[in-house]
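Reader: I've got a model open and I'd like to learn how to read it. Could you walk me through it, feature by feature?

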Amino acid sequence: MLARLPITTSSPLLFGLPVLAVALLLSAMWYWQSQQAIIELADQNIEQIHALAAAKVADVLSIPVRICKVNEHLIRSGLLDPDNLHDWRKTLVNQASAFDMLSAISWGGADGRSAWVSRYADGAFYWALKDNPSAATMSEWRLNVTGDVSDEPTSTFEFDLFSRPWFQTPRDASRATWSEPFVWVGGEGSEGMTLGLSYGIPLRDFTGAFLGVIDADFSLNDLSSFLRSVEVGKTGVAVLATTDALLLAASNDTPVVTSDGKRVNAHESPDPLIAMAASFIGTAEVVRETHVEIEIGGEVSYIRASPIGREVGLDWTLTTMIPEKDFIAEIQTQFRRSSIMSLAAVALAIVVGLAAARWLVAPLVTLVTAVRRIGQGDLDVRVNIHHAPEYKKLADEINEMAIGLQDRMRMRESLSLAMEVQRNLLPSSDPEINGLDIAGHSTYCDETGGDYYDFLEVTGSDVDTVVVAVGDVMGHGVAAAMLMATARGILRSRCAVPGSLADF
């Protein structure tokens, strides 16, 4: 049949159809590979969000524990007198100003008297005091920039200390513990009701009688603000919830507390994405290495749930939900453009011919195959192309890239080893000295650094003496680490020679 057609017709058919098929095949392969790349990108993005959120939660939750221990010491040493709560204001204001992660520092006495310094959603500090155990109300003052109060309180509200979760939980547990999330009294702000979480330590005197609870807490609204600062795709959402699917924080404007002070269950969330994914939210068993896909309103969304907060004694779940369109919209646009270009290539192939098409496509396939193998981890791939100068130059660049990646991998392994070696140079245990609690820790901002501390054993010193060395080498990286290691060796060597601390 083709023999009956003029060559002007048969030639385009013979040359154009194969090229069109190849173009469509390459486009389909490119689209599929792009989707796979997008899926991997989604996993990496979600993993980064999880890591950031986990670090933030750990950072926030460590502060209340430290402050409570400090205030416990101040109370037992007499610097904070539970019988004179008026004098606590300055100390609590200084602590709240120094630790902006905290939302409130509180004391509740066994007799029902209470005091706190808090930072509400308006950003201002407030001093609250209930000094009369028989009174039904608590007075609250808005502090000025110097931490002072006016003669008249800013507000007065009903307050029963014994009904507050931050007081009840540690008192009933008879140990330091976290409370369940609770709605603040007087905590209404521009973002609605304020959901708080507290850490409290119950105090008893030497006879075992209960004195009260020292507490520090923070607003979970701050965690919502942090999640909003993390880009979750274009329209995605990240939520933090308890194992019973009660919301704690969200990256969008989804409320976690109703107007009447009740916590919102994910199943009842007004956000359709959160409501549809509620079976994953707060479910610690649904922890996966990669995302899962669900269909919401005819659109596919990626969902990932991971436990968070367990290292500080909390069993929460971070769930991230990102619509697939956030990742593939640009890919689909590029695919349409690629299809048009493929048709144009067919028209060009009619003129140029099949030989030229093969001459142009064959090196490209070789390069694509090499790049794919490199992307899969085969860094020993080398591309040898004797073709047009552009292809040869691109092949040389790919070879240089593979060599550079090998060097980077070796460098990363070396830095990891150096980091492990330097970590082993720091003390593995803390000294035990009568009357002192000593602990040390160093976290480097790079793989290695010049920060140094040590507990030295000096020849001739008695058992109640400890020598602590703290240093900081200027700069970061391997050079600083080497100087730090040298200084450590000199110091430890000198410890073997008896002498006074001045001699040392």
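Author: Let's start with surface. Accessible areas here come from the Shrake-Rupley method with a 1.4 Å probe. Keep in mind that this is a predicted model. The protein exposes about 27,700 Å², and carbon and sulfur atoms supply 57% of that.

Reader: And how much of the protein counts as buried?

Author: Buried means under 20% relative accessible area. By that cut-off, 41% of the 504 residues are buried. As for the secondary structure, expect nine helices and 16 strands.

Reader: What share of the contacts join residues at least 24 apart?

Author: Take contacts between residues at least 6 apart in sequence: 53% of them join residues at least 24 apart. Phe 280 is in the loop between helix H5 (272-276) and strand S12 (292-296).

Reader: Is Phe 280 buried or exposed?

Author: Buried, because its relative accessibility is 14%, and the cut-off is under 20%.

Reader: Now a helix. Which residues of H2 are buried?

Author: Leu 92, Val 93, Gln 95 and Ala 96. They sit on the same side of H2, because they cover an arc of only 165 degrees around the axis.

Reader: What does Gln 95 touch?

Author: Leaving aside residues up to four places away in sequence, Gln 95 touches Ile 67, Val 70, Asn 71, Leu 74 and Ile 105. Gln 95 lies in helix H2 (residues 89-98) and counts as buried because its relative accessible area is 10%.

Reader: Next, backbone angles. Where should I look for a positive phi in a residue other than glycine?

Author: Ala 245 is one, with phi near 70 degrees. You'll find Ala 245 in the loop between strand S10 (237-242) and strand S11 (247-250). Ser 174 also has a positive phi, of about 55 degrees, although it is not a glycine. Ser 174 is in the loop between helix H3 (165-173) and strand S6 (177-178).

Reader: What do their accessibilities say?

Author: Ala 245 counts as buried because its relative accessibility is 6%. Ser 174, at 45%, counts as partly exposed.

Reader: What about the second largest pocket, how much space lies in it?

Author: About 370 Å³. Of the 19 residues that line this pocket, the closest to its centre are Pro 431, Phe 455, Leu 456, Glu 457 and Val 466. Strand S15 (residues 449-456) gives the most to the lining, with three residues. By class, the lining of this pocket has ten nonpolar, three polar and six charged residues.

Methods. Residues numbered from 1 in each chain as written. Predicted model: local features only at pLDDT ≥ 70, side-chain atom pairs only at ≥ 80, totals over all residues. Heavy atoms only, no water. Helix = DSSP H or I, 4+ residues; strand = E, 2+ residues; numbered from the N terminus. Buried < 20%, exposed > 50% of the residue type's maximum accessible area, 1.4 Å probe, protein only. Contact = heavy atoms within 4.5 Å. 1 Å grid on protein atoms, 1.4 Å probe; cavity = no way out; pocket = protein on both sides within 12 Å on 5 of 7 lines; lining within 4 Å. Points joined across faces, edges and corners; volume = space filled by probe spheres on them. Nonpolar A, V, L, I, M, F, W, Y, C, P; charged D, E, K, R; others polar. Arc of directions from axis to C-beta.
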